[in-house]
Amino acid sequence: MSTPPALRWPLPGPSLGVTGQPVTCPQCQAREGLLIGLDLDDHSAEPSHMACPDGHRWLEAGMPRHVGAQLLADAFDLDPTLYGRLDELRDIHEGDRL
Ligand SMILES: [Zn+2]
């Protein structure tokens, strides 16, 4: 892989952050349909970029970037064909005005 994947990925349902607090949109309190910005190569403890279905964006300290990277790595383990579809997935999520 030459370019690191960086895309927005749907969280699998309502999620708890590493603090044990639910991850919610700070503006509309949405808990479902949230997207997390993922980068396989970013294993830092910085807050992740998040977005809700209404297009609000925020930085979520309860979801450090290494959590997102692990989420993506797990998805690749389950479905290695995802690698070939990253551009497609990126298009889908970018087109979602996120
Ligand atoms: Zn929102």
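Which residue in β2 stands opposite Pro10? In this predicted model, local features require pLDDT of at least 70 and side-chain atom pairs count only at pLDDT 80 or more, while totals for chains, interfaces and linings use all residues. Residues are numbered from 1 along each chain as its sequence is written.

The protein contains two helices and four strands, arranged along the sequence as β-β-β-β-α-α. Helices (H or I, at least four residues) and strands (E, at least two) are DSSP runs, numbered from the N terminus. Of the 98 residues, 20% count as buried, that is, with 20 or more other C-beta atoms, placed from the backbone, within 10 Å of their own.

The residue opposite Pro10 is Leu35 in β2. Strand β1 (residues 6-10) is joined to strand β2 (residues 35-39) by five bridges in the antiparallel sense; two strands pair if DSSP finds at least two bridges between them. Antiparallel pairing of β2 with strand β3 (residues 47-51) involves two bridges, and Ile36 stands opposite Met50 in β3. Between β3 and β4 there are five bridges, again antiparallel, and Pro47 has Pro64 in β4 as its bridge partner.

Together, the four strands form an open sheet in the order β1-β2-β3-β4, with antiparallel pairing. Because β1 and β4 (57-64) stand at the edges, each with a single partner strand, one side of each lacks a neighbour in the sheet. Neighbouring strands are turned by 40° against each other on average, direction ignored (axes are lines fitted to C-alpha atoms, for helices over the stretch in contact, and angles run from 0 to 180 degrees between N-to-C directions). Helix α1 (residues 65-78) packs on this sheet and touches β1, β2, β3 and β4, contact being defined by C-beta atoms, placed from the backbone, within 7 Å. The direction of α1 makes about 85° with that of β2.

Technical notes: Buried ≥ 20, exposed ≤ 12 C-beta atoms within 10 Å, placed from the backbone. Contact = placed C-beta atoms within 7 Å.
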